[in-house]
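Please open the structure in your viewer and keep the sequence panel beside it. The tour goes from one selection to the next, with a short account of what is found at each stop.

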Amino acid sequence: MRRTVAAIGILCILCGCVSVQTEYEQAKGQNNSLAYRQFLAKYPQSEYAPDVKKRIEDLFWLSVTGSECTGPETGRKQRAIKQYQQYLSEYPNGTHVDEAKHRVLALPEEARKQQMEREAFESEFKAAKGLDALEGLLS
């Protein structure tokens, strides 16, 4: 009798581990924050939790860095700064903290330079007379 109870207990434990591993593999297959967060909600103490947390952070970082390149040009750098600040707030000890801090400081200067270049081009464009002058500006 004791052996049967022990065997059933071991079997239950093993089945539970397989379920956690299976759900971890499914979350990895989906590779999105929602799937990973659902896994963490269900198995916050699993052996996979540290990896899942890292994957969530990395996905968030990809969205942050992508914010510099997507969306309308107007306000893009300001939106990116807010995204980097959000990353720093959510992951104060994260993998990409140094780069995020650097980008928060560098983006305003990049935006200022970009604005100055745009204004200079517009000024030259307005001053240009004829197609030849316009072609000179573009080359």
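What follows is a walk through the helices, their packing, the aromatic rings and the charged pairs.

**Before you start**

This is a predicted model, in which local features need pLDDT of at least 70 and side-chain atom pairs count only at pLDDT 80 or more, while totals for chains, interfaces and linings use all residues. Residues are numbered from 1 along each chain as its sequence is written, and side-chain values use heavy atoms, with hydrogens and water left out.

**The whole chain**

Show the protein as a cartoon: there are 6 helices and 0 strands, where helices (H or I, at least four residues) and strands (E, at least two) are DSSP runs numbered from the N terminus. Read from the N terminus on, the elements follow the order α-α-α-α-α-α. Of the 139 residues, 25% count as buried; buried means under 20% relative accessible area, exposed over 50%, and partly exposed in between, with a 1.4 Å probe and protein chains only. Among contacts (heavy atoms within 4.5 Å) between residues at least 6 apart in sequence, 38% join residues at least 24 apart.

**Helix 1 to helix 2**

Select N31, which sits in the loop between helix 1 and helix 2. The phi angle of N31 is near 50 degrees, a positive value in a residue other than glycine. With a relative accessible area of 40%, N31 is partly exposed.

A salt bridge here is a side-chain nitrogen of Lys or Arg within 4 Å of a carboxyl oxygen of Asp or Glu. E23 counts as partly exposed at 22% relative accessibility, whereas K42, at 52%, counts as exposed.

How many salt bridges does the structure hold? There are 4 salt bridges in the structure, and two further ones can be shown next.

- Select E25 and K28: they form a salt bridge with the closest N and O atoms 4.0 Å apart, and both lie in helix 1, 3 residues apart, about one turn of the helix. E25 is partly exposed at 40% relative accessibility, and K28 is partly exposed at 29%.
- Select D51 and R55: the closest N and O atoms of this salt bridge are 2.7 Å apart, and both residues lie in helix 3 (residues 49-66), 4 residues apart, about one turn of the helix. D51 is partly exposed, with a relative accessible area of 29%, and R55 is partly exposed at 25%.

**Helix 2 against helix 3**

Colour helix 2 and helix 3, whose axes come within 10 Å and cross at roughly 155 degrees. Axes are lines fitted to C-alpha atoms, for helices over the stretch in contact, and angles run from 0 to 180 degrees between N-to-C directions. Helix 2 and helix 3 are therefore roughly antiparallel to each other, given that angles under 35 degrees count as roughly parallel, over 145 as roughly antiparallel, 65 to 115 as roughly perpendicular and the rest as oblique. Their crossing is left-handed, a term used if the near helix is turned anticlockwise from the far one by less than a right angle, and right-handed if clockwise. To see the contact, show S33, Y36, R37, F39 and L40 of helix 2 together with A49, V52, K53, R55, I56 and L59 of helix 3.

**Helix 3 against helix 4**

Move on to helix 4 (residues 76-90), whose axis comes within 9 Å of that of helix 3, the two crossing at roughly 160 degrees. Helix 3 and helix 4 are therefore roughly antiparallel to each other, and their crossing is left-handed. In this contact, E57, F60, W61, V64 and T65 of helix 3 meet Q83, Y84, Q86, Y87 and E90 of helix 4.

**Aromatic rings**

Finally, show the side chains of Phe, Tyr and Trp: the whole structure contains 9 aromatic pairs. Rings (for Trp, the six-membered ring) pair if their centres lie within 6.5 Å, and planes under 30 degrees apart count as stacked, over 60 as edge-to-face and the rest as tilted. The rings of F39 and Y48 have centres 6.5 Å apart and planes at 70 degrees, so this pair is edge-to-face. F39 is buried, with a relative accessible area of 3%, and Y48 is buried at 16%.
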